[in-house]
Amino acid sequence: MIRAFVALSLPEPVLDALATLQQGMPAPRVVPVENLHLTLAFLGEVDETALEEAHHAFQHIAAPGFDLRLSGLGMFGGARPRALYAGVVESAPLRHLQGKVETAARNAGIAIDARRFVPHVTLARLNAARLDKPRMAHFMAGRMGFSSHAMTVTDFRLLRSHLGPSGASYEELARYPLQ
Ligand code: 2AM
């Protein structure tokens with residue numbers, strides 16, 4: 001089985017801005033800059049045949065390239081925060097592409113989370129029990145105005161996730177150009 005997901009990679013200037021944003025973050029597990037990405041669909045643990053089929057379908061996705069900008073900060077988990085992320089300025093072409101990727105994966109027999117897509121870039125994982133809430137609130141308040149440069153999205157990627165004792169490492173399996 002292969003643990004895989006589909007994501008957008010981020011250009012160097014955006015990664016630099018995110019690395020700056022991560023400085024002093026009161027979080028136990030800050031995502032290493034080389035792992036930062038915007039997930040379009042988490043495929044989970046899939047067998048090679050299903051992944052091949054999904055890959056074939058991704059190759060046939062026709063969608064235009066587009067510009068995208070990251071903006072603001074948010075937390076997932078409600079009362080038990082589990083992740084801190086950079087938000088994404090609403091983008092119809094992003095939703096269009098994400099919908100196509102999700103449909104292609106489903107048609108290949110892969111079960112995708114049915115929850116509404118919330119575009120984001122996870123910056124740190126949190127431990128709700130050990131979170132210093134006032135410190136985090138202060139950290140976030142000072143950075144809510146965060147906004148990245150616009151970036152041009154020209155492709156999307158199929159990535160494999162290798163889980164290890166020191167966290168995940170990602171391997172690019174394929175790249176699909178946009179029009
Ligand atoms: P996250 O970074 O917002 O947590 C690879 O694990 C990517 O797939 C991550 O970006 C992760 O999103 C996303 N993902 C979505 N659902 C997941 C799940 N159930 N388990 C692991 N990763 C998931």
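The protein chain contains four helices and 10 strands. These elements belong to a predicted model, and from the N terminus on they follow the order β-α-β-β-α-β-β-β-α-β-α-β-β-β.

A look at the overall dimensions comes next. The C-alpha trace spans about 45 × 35 × 25 Å along its principal axes. Among the contacts with a separation of 6 or more, 76% are made by residues 24 or more positions apart. The protein chain exposes about 9500 Å², and carbon and sulfur atoms supply 52% of that area. As for charge, there are 18 positive and 16 negative charges, and their mean positions are 11 Å apart.

Asp 67 sits in strand β4, which covers residues 66-68. Its relative accessibility is 51%, and because exposed means over 50%, Asp 67 counts as exposed. Setting aside neighbours within four places in sequence, Asp 67 is in contact with Ser 91, Met 151 and Thr 152. With Thr 152 there is also a polar contact, side chain to side chain, at 2.8 Å. Val 153 is 86 residues away from Asp 67 along the chain, yet the C-alpha atoms of these two residues are separated by 5.9 Å.

With a relative accessible area of 13%, Asp 155 is buried, whereas Asp 67 counts as exposed. The side chain of Asp 155 is joined to that of Arg 157 by a polar contact of 3.0 Å. Beyond the residues up to four places away in sequence, Asp 155 touches Leu 8 as well as Arg 175, Tyr 176, Pro 177 and Leu 178.

The other two residues lie in loops. Asn 35 is found in the loop that links β2 (29-30) to β3 (38-46). Despite this loop position, Asn 35 is buried, its relative accessible area being 11%. Apart from neighbours within four places in sequence, the contacts of Asn 35 are with Ala 168 and Tyr 170. In the case of Ala 168, the backbone oxygen lies 2.9 Å from a polar atom of the Asn 35 side chain.

Pro 119 occupies the loop between α3 (92-107) and β7 (120-125). This proline is buried too, with a relative accessible area of 12%. Not counting residues up to four places away in sequence, Pro 119 touches Val 88, Leu 94 and Arg 95. Tyr 85 is 34 residues from Pro 119 in sequence, and the distance between the two in space is 9.6 Å, C-alpha to C-alpha.

Taken together, these residues illustrate both ends of the accessibility scale: Asp 67 counts as exposed, while Asn 35, Pro 119 and Asp 155 are buried. Each also has contacts beyond its sequence neighbours, including Thr 152 for Asp 67, Tyr 170 for Asn 35, Leu 94 for Pro 119 and Leu 8 for Asp 155.

How values were computed: Residues are numbered from 1 along each chain as its sequence is written. This is a predicted model: local features need pLDDT of at least 70, side-chain atom pairs count only at pLDDT 80 or more; totals for chains, interfaces and linings use all residues. Side-chain values use heavy atoms; hydrogens and water are left out. Contact means heavy atoms within 4.5 Å. Accessible areas come from the Shrake-Rupley method with a 1.4 Å probe; for residues, only the protein chains shown count as cover. Lys and Arg count as positive and Asp and Glu as negative; His and the chain ends are not counted. The place of a charge is taken as NZ of Lys, CZ of Arg, CG of Asp or CD of Glu. Buried means under 20% relative accessible area, exposed over 50%, partly exposed in between (1.4 Å probe, protein chains only). A polar contact is a pair of N or O atoms within 3.5 Å; within protein, one must be able to donate a hydrogen and the other to accept it, and residues adjacent in sequence count only if both atoms are side-chain atoms.
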